Amino acid sequence: MKIPLYQVDAFTGRLFGGNPAAVCPLESWLGDEMLQAIASENNLSETAYFVSNGDGFHLRWFTPKVEVDLCGHATLASAYVLMNYLEPERSEVRFQTKSGELQVTRNDDLFTLDFPARPAAPCDVPGDLIEALGIKPQEVWAAKAYMAVYESEEEILDLKPDMELLAGLDKYATIVTAPGQTADFVSRFFAPSVGVPEDPVTGSAHCTLIPYWSDFFGKQTLLAHQVSERGGELLCEDLGDRVKISGRAVLFSEGLIHL
């Protein structure tokens with residue numbers, strides 16, 4: 001069996017930036033063990049698989065360790081592959097996922113994801129979180145992940161977290177964020193418990209970041225930078241119970257998996 005494999009850098013307009021995702025179009029579903037084995041072999045933060053279900057597609061995402069219920073950059077990468085290589089007549093696509101229906105639209109080279117909002121609430125601060133981050137945040141909030149809010153972008157860049165301590169927390173991931181110097185806000189994202197020590201650019205984290213910073217700044221539209229080593233840019237819009245996250249993507253490679 002041969003399976004197409006595309007590797008796409010998402011939330012960037014340049015090669016070797018943004019977040020690389022593997023995208024595997026399938027004619028029908030393989031077993032979960034095989035899907036996980038391929039993702040582990042790819043060893044990227046996410047491998048996306050999709051299967052046609054009529055007018056749209058059923059989409060799933062796997063880290064090297066587990067299947068996840070929402071992933072932004074691999075959704076963008078999947079839409080990029082579909083609209084540029086498989087069905088170039090498309091300007092939108094609907095994916096059925098573990099997080100419900102997700103729509104992606106294209107305007108020239110900009111792709112816009114329509115995702116559920118995941119607003120956070122203030123929470124008790126686990127001692128291990130502060131120890132793991134090394135620099136005390138101003139506030140800690142929680143949704144599916146912890147969100148530590150800092151005063152400056154410089155503090156975000158200076159963080160050197162203890163991944164072993166972060167992996168032991170009761171949330172699967174930790175977002176760190178602050179107002180930005182050349183963007184409205186910046187962030188980084190750590191999820192060592194699911195095999196992603198630092199994710200280069202994390203669309204799903206912005207489902208939590210956008211409601212917070214939209215309320216903080218009192219505006220609906222925001223520019224975000226994820227200030228990992230590779231870096232990424234996201235255009236964000238707060239729609240209440242939904243968020244829109246827009247970005248670009250570039251193809252790095254394409255080939256075949258032999259099973």
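**Close-up 1. Phe-16, an exposed residue in a loop of this predicted model.** Helices (H or I, at least four residues) and strands (E, at least two) are DSSP runs, numbered from the N terminus. Phe-16 is not a glycine, yet has a positive phi of about 70°.

**Close-up 2. Phe-11, a buried residue in the loop between strands S1 and S2.** The loop lies between strand S1 (2-10) and strand S2 (19-26). Phe-11 has a relative accessible area of 1% and is buried; buried means under 20%, and partly exposed is between the buried and exposed cut-offs. The phi of Phe-11 is positive, about 60°, although the residue is not a glycine.

Close-up 3. A search of the whole structure finds zero disulfides (pairs of cysteine sulfur atoms within 2.5 Å). Cys-71 is buried, at a relative accessible area of 3%. Cys-123 is partly exposed, at a relative accessible area of 25%.

**Notes to the close-ups.** Residues are numbered from 1 along each chain as its sequence is written, and side-chain values use heavy atoms, with hydrogens and water left out. In this predicted model, local features need pLDDT of at least 70 and side-chain atom pairs count only at pLDDT 80 or more, while totals for chains, interfaces and linings use all residues.

Conventions
Buried < 20%, exposed > 50% of the residue type's maximum accessible area, 1.4 Å probe, protein only.
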